[in-house]
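Here are my notes on the structure you sent. Please read them with the structure open.

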Amino acid sequence: MSLYAWPPRTAFGRAIPKSRIYGAAQVPRAMQAKFVDQVERMEWTHVLRADRLNLRPSADVEEIAVIAIDLHTPDVEPAVLAAIEKAIPRPLILELNHAGRTRMAMAWKRPSHAEAGKWVTATHAFTLWEAADTPRQALPTALDMGTLYARLLDPLLPPRRSDDEPIAARVARAEEAAQIEREITRLENALAREKQFNRKVEVNAALREAKAKLDALRTGSPR
């Protein structure tokens, strides 16, 4: 169970027109076509804020927006989610809905230290699909907004290598894992196409190495 029961006091309920995302994120026409193909509708369902949750505010996390996204297809382009993140300048929790199932997507997001008003957003991580009517769990226990945000992200990130490992390090490992997953897909496709035995051996060795790296990143064990 990975879906959360958002407290009633945080309810917001405002539809988000795609045109708002297009304008705020300067979405090019080709990407707008992907929005049309993949996204049915978006709604800003909840606002998690210190005064609504009886928590202390945090400098980097004033509020967290929960955005429900109904999809035409089970898969959504990373660039589509990135555009939504760019258009809404605050930490987001995305609830993706398709065919009676829901999954959560989050990307670690923080204010840019280099450019005022800009945000730095990592790669999205996802929970597994669950039936939309699955009973939901209570929010993680926290004393302030920053801790709440970190604990919401926690299950989507690789395991800690130490009790004091910063969240930025875990995010970096998650992004490295995503890169390796793409490399594994490339190598598997290359292996399927390759005819020469010697070349197959080379590609297979590279594939084993990539899978070993991915396993180390996922389990939290250093290599």
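The points below cover ring pairs, pockets and salt bridges.

1. Basis. This is a predicted model, in which local features need pLDDT of at least 70 and side-chain atom pairs count only at pLDDT 80 or more, while totals for chains, interfaces and linings use all residues. Residues are numbered from 1 along each chain as its sequence is written, and side-chain values use heavy atoms, with hydrogens and water left out.

2. Ring pairs. The structure holds three aromatic pairs. Rings of Phe, Tyr and Trp (its six-membered ring) pair if their centres lie within 6.5 Å; planes under 30 degrees apart count as stacked, over 60 as edge-to-face and the rest as tilted. Tyr4 and Trp6 make a tilted pair, with 5.8 Å between centres and 45° between planes. Tyr4 and Trp6 are both buried (buried means under 20% relative accessible area, exposed over 50%, partly exposed in between, with a 1.4 Å probe and protein chains only).

3. A pair between helices. Why is the pair of Tyr22 and Phe35 edge-to-face? The planes of Tyr22 and Phe35 stand at 80°, with the centres 5.5 Å apart, so the pair falls in that class. The pair links distant parts of the chain: Tyr22 sits in helix H1 (residues 18–25) and Phe35 in helix H2 (residues 29–38), 13 residues apart. Helices (H or I, at least four residues) and strands (E, at least two) are DSSP runs, numbered from the N terminus. Tyr22 and Phe35 are both buried.

4. Largest pocket. A 1 Å grid over the protein atoms alone is used; a pocket is an open set of points where a 1.4 Å probe fits, with protein on both sides within 12 Å along at least five of seven lines, and lining residues have an atom within 4 Å of a point. Grid points are joined across faces, edges and corners, and a volume is the space filled by probe spheres set on the points. The largest pocket holds about 740 Å³. Its lining has 35 residues, with Thr123, His124, Ala125, Phe126 and Ala178 nearest the centre. Helix H6 gives the most to this lining, eight residues. The lining divides into 23 nonpolar, four polar and eight charged residues. Here Ala, Val, Leu, Ile, Met, Phe, Trp, Tyr, Cys and Pro count as nonpolar, Asp, Glu, Lys and Arg as charged, and the others, Gly among them, as polar.

5. Second largest pocket. Its volume is about 260 Å³. Which residues lie nearest its centre? They are Trp108, Gly146, Tyr149, Ala150 and Ile167, out of 17 lining residues. Helix H5 supplies the largest share, six residues. By class, the lining has seven nonpolar, two polar and eight charged residues.

6. Salt bridges. The count is 13, where a salt bridge is a side-chain nitrogen of Lys or Arg within 4 Å of a carboxyl oxygen of Asp or Glu. Asp51 bridges to Arg49, with the closest N and O atoms 2.9 Å apart. Asp51 is partly exposed at 47% relative accessible area; Arg49 is partly exposed at 27%.

7. Buried bridges. Lys109 and Glu85 meet at 3.0 Å, N to O. That pair links distant parts of the chain, strand S6 and helix H4, 24 residues apart. Lys109 is buried at 2% relative accessibility, and Glu85 is buried at 2%. Glu165 bridges to Arg173 at 2.9 Å between the closest N and O atoms. Glu165 and Arg173 are both buried. Elsewhere, salt bridges with shared partners join Arg41, Glu43 and Asp70 into one network.
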